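This report covers helix packing and salt bridges. Please look over the structure first.

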Amino acid sequence: MVLAEEEPAHDSVAEQRERLIEGLRAYGGHFTELSRLFADWLGLHSTDAVALLEVAAAEERGTPLSPARLSERILLSPSATTALLNRLEQAGHIIRSREHTDRRVITLRSSAYVQERADEFFRPLGVRLDAVMAGHPPELLAAFETLLAELGTSMDAYITERSEGRREG
């Protein structure tokens, strides 16, 4: 009798995990669509907008990107990334600087113009997302933050393993 009661609970947990993974996949799809809309709004190719968002997000985290790191993040070759950065710089969207003690290292920053445009585009969404999160207790948000970090670490490790396997194979 105990076994029969445990099985539905296990199925329920497995189904919940599947729903959570599906929800995260859908959220990723929404983020991709939002990036495309931002690109259209700025009059950019979607790859350029994704790169611009990566540069801006890294700046917000306090860890600005180098061209090489951006290339890894957006899965473009170094030469394709250079062409992309040239377009963004010529359009006034990014600034390349040499801030590191090793003057060969280039740091990518978004321009004030792009920061203003991104803020204009994303601020209304930020207000909506903040309102949703404000409806949940801080303990739940902390647990979700931990879960997301752990899922991200797991995905990063898998991506690294797959990437290394592809290079070796």
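## Terms and model

A residue is called buried under 20% relative accessible area, exposed over 50%, and partly exposed in between. Arg 109, with a relative accessible area of 27%, is therefore partly exposed. The model discussed here is predicted.

Arg 109 forms a salt bridge with Glu 59, and their closest N and O atoms are 3.8 Å apart. Because Glu 59 lies in helix α2 and Arg 109 in strand β2 (residues 107-110), the pair ties together parts that are 50 residues apart in sequence. Glu 59 has a relative accessible area of 18%, so this residue is buried.

## Other salt bridges

The structure holds 9 salt bridges. One of them joins the side chains of Asp 48 and Arg 87 (2.7 Å, N to O). This pair links distant parts of the chain, with Asp 48 in helix α2 (residues 46-61) and Arg 87 in helix α4, 39 residues apart. Asp 48 is buried at 5% relative accessible area, whereas Arg 87 is partly exposed at 42%.

Within helix α1 (residues 2-42), Asp 40 and Arg 36 lie 4 residues apart, about one turn of the helix. Their side chains meet in a salt bridge (2.7 Å, N to O). Glu 33, Arg 36 and Asp 40 are linked in a network of salt bridges.

## Packing of α3 and α4

Helix α3 (residues 67-74) packs against helix α4 (residues 78-90) at an angle of about 105°, with the axes 9 Å apart. The two helices are therefore roughly perpendicular to each other. On α3, the contact is made by Pro 67, Leu 70, Ser 71 and Ile 74, and on α4 by Pro 78, Thr 81, Leu 84 and Leu 85. By class, this contact has 6 nonpolar, 2 polar and no charged residues.

Technical notes
Residues numbered from 1 in each chain as written. Predicted model: local features only at pLDDT ≥ 70, side-chain atom pairs only at ≥ 80, totals over all residues. Heavy atoms only, no water. Axes fitted to C-alpha atoms, helices over the stretch in contact; angles between N-to-C directions. Parallel < 35°, antiparallel > 145°, perpendicular 65-115°, else oblique. Contact = heavy atoms within 4.5 Å. Nonpolar A, V, L, I, M, F, W, Y, C, P; charged D, E, K, R; others polar. Salt bridge = Lys/Arg side-chain N within 4 Å of Asp/Glu carboxyl O. Buried < 20%, exposed > 50% of the residue type's maximum accessible area, 1.4 Å probe, protein only.
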